Amino acid sequence: MIPFNKPFKTGKELEYIADAIASGKISGNGKYTKLCQTFFEEKYGFKKCLLTNSCTDALEMAAILLNIEPGDEVIMPSYTFVSTANAFVLRGAKIRFVDSLPDHPAMDVSLIEELITPRTKAIVVVHYAGVACKMDQIMEIADRHQLFVVEDAAQAIDNYFIDSNGQKKALGSIGHMATFSFHDTKNIISGEGGMLVVSDPDLLDRAEIIWEKGTNRTAFFRGEVAKYSWVDIGSSFLPSEITAAFLWAQLEHMDHIQQTRINIWEKYKEGLKLLVQTGQIKTCSIPDYSTNNAHLFYIDCFTLERRDHIIKELKSRGVWAVFHYLSLHSSEFYTSCHDGRILGNSDHFSNCLLRLPLFVDLEKEDQDLVIDSLISILPK
Ligand SMILES: *Cc1c(COP(=O)(O)O)cnc(C)c1O
């Protein structure tokens, strides 16, 4: 069976983990945490990076940092992972879900403004498949209404928004904050893992405090305060050095990982071109305002029945393909809180999108089998 995903190991993980253990400091915010955070700050110009145990953690930190309170409203796409919404619901927010674009799962920016009310606090954008959202328009709307923007960049590592002047801006550096994931289904992994990026200078100090259980311990270690104490709310958001050591091995090999994934992505695009031209499927595409980090490759099967059929036929040929994201506005938990608007494009992607195997160790012959299987399954 060709798996859907296989976590990539660079070969250096155990060496760095052994080094972390030998150093005598295994808890968080040590040498490997600093190496990873500095890597991101230098490579992408992120103002401040804090490693977390997950992207979910980072989203929860963002919600605390924005002082989300019961009754506050947060705008985000419905077609996303649970944590994007759950982090804000935990603090009492009401979510106003936005539909996807007709031809891409990302949220339709033209629908945002009509959802803004005096209670709106933030817009959470999700760079689905790593593809940039129209960040210039989103930041303009947010500025005009004085809203915060959080980028859920869980899938968007090493990717860029291209503005109207052709300037590249790293995803994660544009909103007031951003969150990344190193879950083992993402491009760069540490098993479980994540990161909060803080760009708004007013949020920097408090982010460190929330990260360290509501204490000013980080400032204490820098020698800025004489003793550390409880100064705010927070939680245990920082990962151990074992996780950070694993992540450091991955970051050192980032160029190889990214290039290999892009090659696989492009081979799918090319290999499935004929099926697209004859109208059998659509494949994911990259708009001119985004670069491609090859986080995932999907096909649009057009109907739920067709997708079920394709999954079954792929399985019988030894290929494991999966779908994801049931629209959050119609989820069991949130449907009674949703305002009733029909979000047809989001539902379309919930029913029709199928992800193909994409991982660094995917063999050429195996990818050929995925492509040939699809060609043989779909009627001429
Ligand atoms: C993976 C993912 C998350 C959650 O990441 P974890 O690190 O597993 O918490 C959140 N949002 C999006 C868009 C994701 O793809």
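In what order do the three strands of the open sheet stand, and is the pairing parallel or antiparallel? I started my notebook with that one, keeping in mind that this is a predicted model.

**Entry: the sheet.** I read the order as E12-E13-E14, with antiparallel pairing in this open sheet of three strands. Strand E12 (282-283) and strand E14 (353-355) are the edge strands; each has a single partner strand, so one side of each has no neighbour in the sheet.

**Entry: E12 with E13.** I looked up how E12 meets strand E13 (residues 298-300) and found two bridges, in the antiparallel sense. For lysine 282, I noted aspartate 300 in E13 as the bridge partner.

**Entry: the ligand.** Next I asked which residues surround the ligand. I got 15 of them, and the closest are Thr56, Asp152, Gln155, Ser181 and Lys186. Sorted by class, this shell has five nonpolar, eight polar and two charged residues.

**Entry: polar atoms.** I then checked some distances. Threonine 56 has a polar side-chain atom 2.5 Å from an oxygen atom of the ligand. Serine 181 also puts a polar side-chain atom by a ligand oxygen, at 2.7 Å. For aspartate 152, I found a polar side-chain atom 2.8 Å from a nitrogen atom of the ligand.

**Entry: cover.** How much of the ligand's accessible area does the protein cover? I noted 93% of the 380 Å² that the ligand has on its own.

Notes. Residues are numbered from 1 along each chain as its sequence is written. This is a predicted model: local features need pLDDT of at least 70, side-chain atom pairs count only at pLDDT 80 or more; totals for chains, interfaces and linings use all residues. Side-chain values use heavy atoms; hydrogens and water are left out. A residue is near a molecule or strand if one of its heavy atoms lies within 4 Å of it. A polar contact is a pair of N or O atoms within 3.5 Å; within protein, one must be able to donate a hydrogen and the other to accept it, and residues adjacent in sequence count only if both atoms are side-chain atoms. Accessible areas come from the Shrake-Rupley method with a 1.4 Å probe; for residues, only the protein chains shown count as cover. Ala, Val, Leu, Ile, Met, Phe, Trp, Tyr, Cys and Pro count as nonpolar, Asp, Glu, Lys and Arg as charged, and the others, Gly among them, as polar. Two strands pair if DSSP finds at least two bridges between them. Helices (H or I, at least four residues) and strands (E, at least two) are DSSP runs, numbered from the N terminus.
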